[in-house]
Amino acid sequence: MRRLVSRSSLILSVAHDAFTALASVSDVIFDVLVVREFYQDGRTGFFLAGLAIFVLAQASYAFLFTATYASHARPAQRALCFVLAFPLAQLIPLFCYLETLELPWVQRFLTSFGLRCSASA
């Protein structure tokens with residue numbers, strides 16, 4: 001019985017994680033589509049507000065990535081990390097989740113760029 005409960009817990013945990021990741025990616029897609037619709041409909045104020053929120057979110061996620069994985073680096077390296085992370089910033093929460101799983105390929109990816117895993121930071 002104990003094994004059945006732990007297996008059920010694992011399945012539910014993985015399902016929850018997958019649903020959360022899907023919801024996160026879907027949210028970004030729908031946000032872009034809504035801002036695009038504001039632009040196409042000529043609703044400039046809403047378009048600019050939506051765009052500003054999106055850029056602020058990008059900057060926040062890029063800062064999170066830089067502060068978490070490049071805090072040990074020199075200022076110029078941190079600035080470069082921020083600039084490179086910015087275009088993909090909406091995917092950073094998903095990356096952070098994968099990094100917490102301590103997958104070897106994620107750790108190799110980080111160290112190949114001179115970054116540190118969050119567990120060692």
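Ser24 counts as partly exposed because its relative accessibility is 31%, where partly exposed lies between buried (under 20% relative accessible area) and exposed (over 50%), judged with a 1.4 Å probe and protein chains only. Ser24 is found in helix H1, helices being DSSP runs of H or I with at least four residues, numbered from the N terminus. This is a predicted model, in which local features need pLDDT of at least 70 and side-chain atom pairs count only at pLDDT 80 or more, while totals for chains, interfaces and linings use all residues. Residues are numbered from 1 along each chain as its sequence is written, and side-chain values use heavy atoms, with hydrogens and water left out.

**Helix H1 and its serines**

- From Ser24 to Leu84 there are 60 residues in sequence, and the C-alpha to C-alpha separation in space is 21 Å.
- Ser8 also lies in helix H1, and Ser8 is partly exposed because its relative accessible area is 33%.
- Ser8 and Tyr69 are 61 residues apart in sequence, and their C-alpha atoms are 34 Å apart in space.

**Nonpolar surface patch**

- A nonpolar patch on the surface is formed by Val25, Ile29, Phe30, Leu33, Leu88, Leu91, Leu94, Tyr97 and Leu101, which together have about 790 Å² of accessible area; such areas come from the Shrake-Rupley method with a 1.4 Å probe, and for residues only the protein chains shown count as cover.
- Patches are made of residues with over 30% relative accessible area and no salt bridge, like charges being joined within 9 Å and nonpolar side chains (Val, Leu, Ile, Met, Phe, Trp, Tyr) within 5 Å.
- Helix H1 (2-40) and H4 each supply at least two residues of the patch, and the largest share, four residues, comes from H1.
- Val25 lies in helix H1 and counts as partly exposed because its relative accessibility is 36%.
- Leu94 lies in helix H4 and counts as partly exposed because its relative accessibility is 31%, while the C-alpha atoms of Leu94 and Phe47, 47 residues apart along the chain, are separated by 26 Å.

**Nonpolar core**

- The largest nonpolar core has 15 residues, and those with the most contacts inside it are Phe65, Tyr69, Ile92, Phe95, Leu110 and Leu115; a nonpolar core is a set of buried Ala, Val, Leu, Ile, Met, Phe, Trp, Tyr and Cys residues joined through side-chain atoms within 4.5 Å.
- Two or more residues of this core are given by each of helix H2 (44-69), helix H3 (75-85), helix H4 (92-100) and helix H5 (104-112).
- Leaving aside residues up to four places away in sequence, Leu115 touches Phe65, Tyr69, Ala70, His72, Cys81 and Leu110, a contact meaning heavy atoms within 4.5 Å.

- Glu99 is found in helix H4 and is buried yet has no salt bridge, the nearest side chain of opposite charge, Arg116, being 11 Å away; a salt bridge is a side-chain nitrogen of Lys or Arg within 4 Å of a carboxyl oxygen of Asp or Glu, and for charge Lys and Arg count as positive, Asp and Glu as negative, with His and the chain ends not counted.
- Beyond residues up to four places away in sequence, Glu99 touches Tyr69, Val106, Leu110, Cys117, Ser118 and Ala119.
- Glu102 is found in the loop between H4 and H5, and its phi is near 55 degrees, a positive value in a residue other than glycine.
- Thr68 is found in helix H2 and is partly exposed because its relative accessible area is 21%, and Thr68 and Arg116, 48 residues apart in sequence, are 8.1 Å apart in space, C-alpha to C-alpha.
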